[in-house]
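The following exercises concern a single protein chain.

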Amino acid sequence: MIERARHLHRVESLLSRNPVVTMIGARQVGKTTLARILARRREGPVHFFDLESPIDRTRLADAMLALEPLKGLVVLDEVQRLPEIFPVLRVLADRLPRPAQFLVLGSASPRLLRQGSESLAGRVAFHELPGISWSEVSPQQTDMLWLRGGFPRSFTAQGDEQSFEWRGDFVRTFLERDIPQLGINLPSATLDRFWSMLAHYHAQVWNGSEIARAFGVSDHTVRSYLDVLVSTFMVRSLKPWTANIKKRQVKAPKVYLRDSGVMHRFLGLRSRNALDRHPKVGASWEGFVLENVIRALSLEDRQCYYWRTHTGAEIDLVVDEGDSLRGFEIKLSSAPRLSPSMKTALRDLGLRRIDVIHAGKETYPLARDVRAVPLQEVVKNG
């Protein structure tokens, strides 16, 4: 089992200050496992409800009657199956003294997030649990993590073929069972085709018109497909940063499949050798590094952008640090060089620094305020 100490500590810290903590993330990412580890470490009673279990849903048919007498920690798993429980949690969270705290687990959905934030405003803290990251595995396992992705059962499979098969089963189950359970009415075959198409557009600027023509539907319709995958943590839509400069800047988002293993499943890449030979290997590395940098720096979505002009200048990740901007450029190379884009970005955006993240092991300067740095150093030191 992968030790996820940072996330465990974060959830424990949030529980120490909030009556309700909601841990959200993709299906099969390890939310239930983390909650059970946390429960074993707690003193006092713990009550666990799995809302995918008919027995537990029956127990919560009258949620107030079932939950009000409980003391200690109450864990509600897959809470999106019972959205009407949020107003009950609001009432129970307001009791003083507080006899119980609530740890709510759920796969992301617009309904879950909306009702949770509206009903529990001022009472709830959110924590997103992502897949396994670079910092949670040994240096010898990083290539395997890139190939297989961060879903725990995919990463820990006995071999690459078993991992590949698990990801195929995961995609099918997600499309045929999980999406309908989230209240999303969309044919699984349609979303499967769209998701597969996005794997080929990975790390590119969103072109809704082009994808819409391929599907024979409107731009608005394919955007709704994208929103489904974004809201369920399967796809990242990276917003463009726009500066007050004379250059024309790209204003559409870039799209990434958030899990490299799922991307490789759609591309049919079963081994590291196959990945190395594929034309999307650079784009795959870019997305893999992007996700790990965002996690290592504990960045929120509102802080993360990319920048590109119509003349070709680009920075893969622009981080809004409040009083300054920091840039990251990602290169599948052991010896990256200073590019004209980096010079342009430093000048036009006023970046505090650019880190060029590469596949080698050495850190060295490329120019003033620009350095080449391996991913492990960013993960370790931020």
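**Exercise 1: Two helices in contact**

Task: State which residues of helix 11 meet which residues of helix 12, and determine how the two axes are arranged.

Solution. Step 1: G208, S209, I211, A212 and F215 of helix 11 meet D219, V222 and Y225 of helix 12, where contact means heavy atoms within 4.5 Å. Helices (H or I, at least four residues) are DSSP runs numbered from the N terminus, as are strands (E, at least two). The model is predicted: local features need pLDDT of at least 70 and side-chain atom pairs count only at pLDDT 80 or more, while totals for chains, interfaces and linings use all residues. Residues are numbered from 1 along each chain as its sequence is written, and side-chain values use heavy atoms, with hydrogens and water left out.

Step 1: By class, this contact of helix 11 with helix 12 has 5 nonpolar, 2 polar and 1 charged residues. Here Ala, Val, Leu, Ile, Met, Phe, Trp, Tyr, Cys and Pro count as nonpolar, Asp, Glu, Lys and Arg as charged, and the others, Gly among them, as polar.

Step 2: The axes of helix 11 (residues 208-215) and helix 12 come within 8 Å and cross at roughly 100 degrees. Helix 11 and helix 12 are therefore roughly perpendicular to each other (65 to 115 degrees).

**Exercise 2: The largest pocket**

Task: Describe the volume of the largest pocket and the classes of residue in its lining.

Solution. Step 1: The volume of the largest pocket is about 910 Å³. A pocket is an open set of points on a 1 Å grid where a 1.4 Å probe fits, with protein on both sides within 12 Å along at least five of seven lines; lining residues have an atom within 4 Å of a point.

Step 1: There are 27 lining residues, and H127, E128, L299, E300 and D301 are the closest to the centre of the largest pocket.

Step 2: Strand 7 supplies the largest share of this lining, 5 residues. The lining of the largest pocket comprises 12 nonpolar, 5 polar and 10 charged residues.

**Exercise 3: Backbone exceptions**

Task: Identify the peptide bond that joins L96 and P97, and describe Q28.

Solution. Step 1: Most residues other than glycine have a negative phi, and most peptide bonds are trans.

Step 1: The bond between L96 and P97 is cis, with omega about -10 degrees. P97 is located in the loop between helix 5 (86-93) and strand 4 (100-106).

Step 2: Q28 is not a glycine, yet its phi is positive, at about 65 degrees. Q28 lies in the loop between strand 1 (20-24) and helix 2.

Key: Grid points are joined across faces, edges and corners, and a volume is the space filled by probe spheres set on the points. Axes are lines fitted to C-alpha atoms, for helices over the stretch in contact, and angles run from 0 to 180 degrees between N-to-C directions. Angles under 35 degrees count as roughly parallel, over 145 as roughly antiparallel, 65 to 115 as roughly perpendicular and the rest as oblique.
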